[in-house]
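Biologist: I would like to go through this model with you, one question at a time. Please give the rule behind each term when you use it.

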Amino acid sequence: MIGFLTGKIASLSPTRLLIDVNGVGYIVNISINTYEKLHAQTGIVSVFTHLNVKQDGMDLFGFHSQSEKDMFELLISINGIGPKLALGILSGIQTDELKDAIHFGNLNRIKAIPGIGKKTAERLVLELKDKISQVVDDTTISSSSGSFAIKNDAITALSTLGYAPKFAEKYVKQILDDNPNIQLENLIKSALALLNK
């Protein structure tokens with residue numbers, strides 16, 4: 001089993017990484033979130049990996065953080081969710097946001113992920129709510145449902161205005177990290193300013 005790879009980026013696209021490890025090139029499928037993290041790095045990079053073995057071959061999936069890998073492995077444990085769909089889910093939402101949504105049973109946030117319908121969202125919450133604590137994360141699940149509600153309301157408002165949920169979530173999280181006590185109205189205004197740059 002290959003647990004992680006460290007090497008130079010030979011080529012990088014939003015869905016695929018070719019990493020040169022001591023002269024051997026490994027093709028690794030990645031999420032857009034991992035792509036964004038790797039795209040900002042130079043020199044030697046490391047990715048956590050999951051090796052998926054099928055009858056017709058093997059595929060490597062790579063993740064910028066252990067938490068994203070943990071979430072991927074939880075997702076593919078659900079019947080009907082394969083590696084490609086799991087990677088698609090992780091491309092549409094940050095890992096800590098998905099943990100919060102599952103923990104609080106926020107079906108609307110999960111359904112906002114491209115390719116996820118109501119039934120799949122319900123299955124995610126039902127099957128993963130008790131397992132979500134297994135995901136070792138850089139951050140913990142929000143202890144306050146109030147802060148989660150403000151974050152969710154802001155993302156929903158921005159999505160209604162036509163902004164992609166992924167970008168809305170990115171800027172809302174960034175603003176909340178800098179100013180956790182911000183009011184909803186100011187949070188939306190600040191996020192709009194960043195989205196319209």
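Biologist: Which residues line the largest cavity?

Modeller: First, this is a predicted model, in which local features need pLDDT of at least 70, side-chain atom pairs count only at pLDDT 80 or more, and totals for chains, interfaces and linings use all residues. Residues are numbered from 1 along each chain as its sequence is written, and side-chain values use heavy atoms, with hydrogens and water left out. A cavity is a set of points on a 1 Å grid over the protein atoms alone where a 1.4 Å probe fits but cannot get out, and a lining residue has an atom within 4 Å of a point. The residues that line the largest cavity are Asn33, Glu36, Gln94, Lys166, Phe167 and Lys170.

Biologist: Which helix gives the most to the lining of the largest cavity?

Modeller: Helices are DSSP runs of H or I with at least four residues, numbered from the N terminus. Both α1 (32–39) and α8 (165–178) supply at least two residues of this lining. The one that gives the most, with three residues, is α8.

Biologist: What distance separates the end C-alpha atoms of α8?

Modeller: The expected span of a helix is 1.5 Å times one less than its number of residues. For the 14 residues of α8 this rule gives 20 Å, and the model agrees, since the end C-alpha atoms are apart by 20 Å.

Biologist: Within what arc do the buried residues of α9 fall?

Modeller: Buried means under 20% relative accessible area and exposed over 50%, with a 1.4 Å probe and protein chains only. In α9, the buried residues are Leu187, Ile188, Ala191, Leu194 and Leu195. They line one face of the helix, because the directions from the axis of α9 to their C-beta atoms fall within an arc of 125°.

Biologist: Which residues are exposed on the other side of α9?

Modeller: An α-helix has 3.6 residues a turn, so residues three or four places apart point the same way. On that other side of α9 the exposed residues are Glu185 and Lys189.

Biologist: Is the ring pair of Phe63 and Phe72 stacked, edge-to-face or tilted?

Modeller: Rings of Phe, Tyr and Trp (its six-membered ring) pair if their centres lie within 6.5 Å; planes under 30 degrees apart count as stacked, over 60 as edge-to-face and the rest as tilted. The count comes to two aromatic pairs. For Phe63 and Phe72 the centres are 4.9 Å apart and the planes lie at 45°, so the pair is tilted.

Technical notes
On a 1 Å grid over the protein atoms alone, a cavity is a set of points where a 1.4 Å probe fits but cannot get out, and a pocket is an open set with protein on both sides within 12 Å along at least five of seven lines; lining residues have an atom within 4 Å of a point.
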